[in-house]
Amino acid sequence: MDSINSYLFISSMLFCLGLFGVITRRNAIAVLMGVELILNAANINFVAFSKFNGMNIDGHIFSLMVIVLAAAEAAVALAIIINIYNNMNTINIDDAAELKR
Amino acid sequence: MIESPMITFPLLILFLPLISFVILIFFGKKLPRQGDWVAVGSIVTTFILAVYLFVQMLTSYDANFSHGASLSWIDMGAFKIDLGILVDNLTIVMLLIVTLVSSCTHIFSLEYMKGDVRYNRYYAYLGLFTFSMNGIVLADNLISMYMSWELVGVSSYLLIGHWFEKDSAANASKKAFLTNRVGDIGFFIGIMLLYSAVGAFTFAPIFDSISGGEAIAGMTLTLAGLGIFMGAVGKSSQFPLHIWLPDAMEGPTPVSALMHAATMVAAGVYMCVRLFPIFTADALTVIAYIGAITAILAALTAITQNDIKKVLAYSTVSQLGFMVLAVGTGVYTAAFFHLLTHAMFKANLFYCSGSVIHSMHHALHEAHDHDTDPQDMRNMGGFREKMPITYYSMLISTLAIAGVPLFSGFLSKDAILAGTLAFAQQNPVHFLLPLLGFSAAAITAFYMFRLIFMTFHGKPNMKNIFKDIHESPKEMTGPIVLLGALSFFIFYTLPSNFNPIKDKGWFKDLIVPRNSAVPGSLTANEIAEYAHYAHYLAMGLSLFVAAAGILLAVLMYQRQSISSEKLSNKFGFLYHWSYNKFYFDENYNRYLYQPFLRLANSISWLDWEFYDKYFINGFGKLTKSFSKISGKFDYDGIDQGLVDGFGRVSSVSGNFLRNIQTGRLQNYLLFVVAGILVIIIAQAF
Amino acid sequence: MADLVFWIIAAVTIMSAAFVVLNNQLIYSAVALLFTLFGVAGLYVFLWADFIAGIQILVYVGGILVLVIFGIMLTNKIKSVRISHKSMQQGVGGVVTFWFFIFLFIALTKAPWAFSDAVEPVGTVREIGVLLLTDFLLPFEIISLLLLGALIGAAVLSRGES
Amino acid sequence: MENILSLLIWIPILGAIVVAFLPRDKDNLIRYTSAAVTGLQFIIAIVLWRKFDPSDGSMQFMERYEWIPSLNISYILGVDGLSLPMVLLTGMLFFIGVFVSWNIKKAVKGYFSLYLLLDAGVVGVFLSLDFFLFYIFWEVMLLPMYFLIGMWGGPQREYAAIKFFLYTLFGSVLMLIGILGLYFTCGKTFDILLIMERAPEALNGVLWWGMSAAKVIWVLVFIGFAIKVPVFPFHTWLPLAHVEAPTAISVLLAGILLKLGVYGIIRVNYGIMPNEVYWFAGGLAFLGLVNVIWGGLCALAQTDLKKLVAYSSINHMGYSLLGMAAVVAAGAMNGGDLKAAQAGLSGAVFQMFNHGTISAMLFILVGVVYERAHHRDIDGFGGLASKMPVYTGITALAFFAGLGLPGFSGFVSEAMCFIGAFPVFRTIVILSTIGILLNAAYFLWAFQRVFFGKLNEKYKDMEEINGLELFTVIPLAVITLFFGIYPGPYLDLIKATMDQIIEKVAFVATYASL
């Protein structure tokens, strides 16, 4: 727990899982959850580098910003998803894409 | 440069008709009488000038008389073309022929073409023709000869197509031009062969380097000679390009007399005479055979024709064949002599036929008969008493063409046949040449008298119009009388000889044959000597065949003791061949024109419907579909094929490929990641 | 002791994250996400980032996760808890992401990270607050505008056709 | 008069701008302005011609300004015996073209401002001596052409325009690659004269992918120009573009734009890579043969008068190619036959000018009849000669000029091309003389079908050619006749430049054979 590597290891694991989710999930909300995982992985990195670089608070600021962004993104994304659902009665991404054609 | 009248007068002769052409084509309609006086005036002036030259020639009486002048036309440094004129005895005689017949035609046409829709154009084109014909005559180099050659073709095109409302006339004019062009291609190839070897276009240096024997010799020279001769084949309507001349009779009859009998078609012969020194023995043999074949084929065709102009047309072709035969056997001055005499009597024959057609036309017009062909001899008969001047003049010319002593044709034809006979005596392999020549002479006598008998003798075949047949006015009979008189031998044997069977005279003295430039050929003296030996035999034979031909005609058409119908039935297929002109037109049409047009159509189809549509547009389509594919890849993620490709690369994922549906956004993302992976791998290793 | 706790938290985070992306019930995924988020907050604590850890729980767990669950409920006809949803291209995706992870792992172990030691601060809240209102004032304002925009946008979008 | 060449280029550009700002509905004002602008340009071109020294074969009236120094791009203009006649022809045809397009009714303003822009592009290509500038003008020419065909053309105009555009773009991309190749091998310069000096040495022995760099560049640039000529496999844009384009644009397309191809080949391929000329001359002659025969046969089969004339262009440019190939006769291995080389190259250049005037005349005349009958189907006329004698006369003149009748300039140049190419490419020349027959066949056949025979009752009220139309044709006819009778003035103008090119090609051969 005193080396940066363990944090980076966890964050990269989290990132890859998030990526996997984004790639494989069909449900838009599940995709969104994958995105959240990726964002969390990034945040861990920010904070970890912040600590191991002499407690530089800039990293914290960034992770704060990311959290805010994540919130905004989640709000907008869910709004879109609900809208799509209202219009098309599905939130499967490929269905939506196909109906668009 | 221009100092003596021997240069200025020929130049005037050359350019006066051109000026008349320019004036008439632009202002003809506005001038009084549509400007025919301009044309007639200019052409008569040229005739007077030509007579002056002729008198000069006779007074100096020098066989080597020669003048020349030239100017630089193209000068690129090394590549030069000088255009010039050459005035020697040959030129002067030819100029005299051209201007004389042309003047006659102009005067004859005053009446014949009266009231024509395009009267001024007619005279303009006659001027253009006379200009270009004189251009050929005066040329001292191949280029200006070729240029005039083509211009003659155009004026012929314009004049044959004078009544272009008739489809047959339009077709004939096109056919004439195109057939001539085939010959011209050969002419041009010949010019190029000569130039690339010799490096000059002017005659004199060409002859010089040929006699040097180094620049060009052997097969190349033979081919060059034959190429140039091909021009003559086209223009002088020799086999196998003879098909255009009979059709050219669609033009007005005076035009037929001027161009398609006396002058233009003789241009080919003139050229061969002028360029005789370049022909090798092989080339001459080919020329001789072509001449002989033409002579006999045309003569055979003429027997069965019923259109008076067609008979004359085939007779022209046949006589031109004689001339070419003479060139081929080496007695080229005889060819020129025949050209001269033939020009006179054949022009006259055409004028006479024109006179007959003219009165037939009027008579039919009076009878309100517009369906009967005024040129068909079966509708004539017995015109002798109605048109005595025409009759006697035509008879004289017919005697001349048949080769009866006292008339000009006898002398020239005799000289040709003697030369041919001598040639065969020297080269017995070519025995066919005199045989064909004498047969053609016999047939000539026969069909010409057939024409006379059918037209002027016997009973009138169409009684209803017979009363309206009249002698033509004096604008027409004038030339007829003049040219008829010129069919007597005396005009060609002056001043030293009054013997009708001896061809000695100014012509023989002034137009002397030159040696061939080709090393190793017979000299002119040798040829003349051989011909001299054969002379009496030839004379006897030609008298015999002429008599035989005339006798047969008398028996068949005057006495009617031999029925022509029975004869034609007996030799049915021969009759049909002859009547249908040996099916040349049909076969050319079937085996040449139609395949050619089909080729053109299929090439065009290939170009437009296939090459462009499938190949070029195929490129476009290919690019388009390519961009569609890459667009699909880009926008939709991946295509099944690419996934397959990826699966093949990584064998592990092969099993899972089936699970992959055609995904959308996420496939895209997947491949972004895969792409990053690939980049990392590439970067790492 | 601290090590053990750390690794337990790490394991919980990873495993629940794996559950999020692998299982087929949407609601279960959401619940697993809750654990992941808590785990990440725990990691923040280990990284001396008390404020961020708090915000993580507040915003993520209290805000985003609730939003996600609302989303699930609004877009599916809930007759049972089991709202199944299929995954796709798991094979290829798995392979690709696995290899991606391998490369990341190699990279982070091989990378020569530069370190500089520091003492544990008393609290980061004050420092963050000062920084947000001095050096990062402009980004802060912009992000707040963004947030406002996102809120309005979300409201407009989800209002539907009425 | 220092910058007389720049004037030639910038006057039409200024004119295009002025026209673009004229009021939209003042059609006549726009027409007169365009006529004034092109007329001014024509006058300047004549002044240039009078001041030009024909005994000097090198570039004259050079202008040179720095433009983008970091890439060695400059603004260099110059004129020599090769480009001067083309500039004159351009000036004249564009001036005439304004009157040919007098009856354009649709979007007159746009039409004429594009027209003037096209003018500037064409003159620019002829005058620029910097590859970058050259390429810019080349493209400047392309765009207005696209719109002029695509907006003012016939029923299939969009297809024709896009085809023209893609074809030429394809060519110019290849050309650009070639130019860049030269740029990088010859010391990073776009200066054509400098590259001419350096290229033979710089390219000597350079290999790209195992191929001689010079040959690769030769072919790339050649294809670029060949599409413009158009040389056989790249010719299918031409009939379509000609048929669909409005009359004036067809006139310019045939009259000038096709000449850019020949001009470019002589200027770039011959001037810069003379050594490769030997390598490609046989192919060039063969392509010439194919052009002659293929174009002739296709023309024979056409039923659309304009398409016939278009294919006749392909046929005629074949003679030019033949003549161009003849330059190699000057090489030592071909016996150093300077006569043939001079005849061939000057013939090719002369043919390009003559075809410019003759085909322009033909297209104007086709336009005249189309204006009245609203179709161009050859078989749909008949007997027009008795109704419109003046028109018939002029058309006959143009057709005879087209079929290479002596007395018209086409004959002189065709004969020179043949005579020049004959010593080296004997068989090819003999085969291509068939083209002379084809020429006569398709022109006369078409002439007969349109003008001879009974008058088609539909056209018994056909109007005779009017004064404006006569005004556009007669200068061309006079030039054609004049140069046919006396080609001296033209040939004197180009002689020195031709000699320089031939000398270069001949010199390279001796140098290469060592």
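These legends walk you through close-up views of a predicted model. Local features need pLDDT of at least 70 and side-chain atom pairs count only at pLDDT 80 or more, while totals for chains, interfaces and linings use all residues. Residues are numbered from 1 along each chain as its sequence is written, and chains are lettered from A in the order in which they are written.

**View 1. Chain A meets chain C.** Here 59 residues from chain A and 72 residues from chain C take part in the contact (C-beta atoms, placed from the backbone, within 7 Å). On the chain A side, helices H1 (4–24), H2 (28–52) and H3 (58–88) each supply at least two residues; helices are DSSP runs of H or I, at least four residues, and strands are runs of E, at least two, numbered from the N terminus. H3(A) gives the largest share, 21 residues.

**View 2. Chain D as a whole.** You will find 20 helices and 4 strands in this chain. Its C-alpha atoms fill a box of roughly 70 × 55 × 40 Å along the principal axes.

**View 3. Helix H1 of chain D.** This helix covers residues 4–21. Among the buried residues of H1(D) are Leu5(D), Ile9(D) and Pro12(D). Their cover includes helix H2 (27–51) and strand S1 (60–68) of chain D.

Conventions. Two residues are in contact if their C-beta atoms, placed from the backbone, lie within 7 Å. The expected span of a helix is 1.5 Å times one less than its number of residues. A residue is buried if 20 or more other C-beta atoms lie within 10 Å of its own, exposed if 12 or fewer, and partly exposed in between; C-beta atoms are placed from the backbone.
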